[in-house]
Amino acid sequence: MGAESTVAFLRRPKPVEVFHRDRWRIGALLGWRHDADGTCWLRVSALVDGYRRTAWVGIDTVRLPVPPPRVSDDTRLLRHGDRPPRPMPPPPRPRPGSDRPGLGTQLEPAGR
């Protein structure tokens, strides 16, 4: 870090993922710096092999955390204040004595 760098640190670390040794690791963004040549470096902390590591890394090795996969089939994004869509009610169950779903009476055998 040269004398011509501008450094900024965050009051509270922000969650990020850091690419290290061919995989993304959970970490925290602590701050950043801009060097005189225009390069931006990020100060991150991450757990690597059971040890907390802190380092200046290139901006291309940090990303926002990937959210866990959604359980719902509904891919529509909800805005603040929206209610989630109601699930479809199950189809009506057949009444006792009916041969087909949805028929309320028993069918008579042919020839009667």
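Reading the salt bridges

Guide: Both Asp49 and Arg21 are exposed, meaning over 50% relative accessible area, with buried under 20% and partly exposed in between (1.4 Å probe, protein chains only). This is a predicted model, in which local features need pLDDT of at least 70, side-chain atom pairs count only at pLDDT 80 or more, and totals for chains, interfaces and linings use all residues. Residues are numbered from 1 along each chain as its sequence is written, and side-chain values use heavy atoms, with hydrogens and water left out.

Visitor: How many salt bridges does the structure hold?

Guide: Side chains of opposite charge can pair when their charged atoms come close. The cut-off is a side-chain nitrogen of Lys or Arg within 4 Å of a carboxyl oxygen of Asp or Glu. The structure holds three. One of them joins Asp49 to Arg21, with the closest N and O atoms 2.4 Å apart. Asp49 lies in the loop between strand 3 (40-48) and strand 4 (51-58), and Arg21 in the loop between strand 1 and strand 2 (23-34), so the pair ties together parts 28 residues apart in sequence. Strands are DSSP runs (E, at least two residues), numbered from the N terminus.

Visitor: Which side chain meets Glu17 in a salt bridge?

Guide: That of Arg63, at 2.7 Å, N to O. Arg63 lies in strand 5 (residues 62-63) and Glu17 in strand 1 (residues 6-20), so this pair ties together parts that are 46 residues apart in sequence. Arg63 is partly exposed at 31% relative accessibility, while Glu17 is buried at 12%.

Visitor: Are Asp35 and Arg33 buried or exposed?

Guide: Both are buried. Their side chains meet in a salt bridge at 3.0 Å, N to O.

Note on methods: Helix = DSSP H or I, 4+ residues; strand = E, 2+ residues; numbered from the N terminus.
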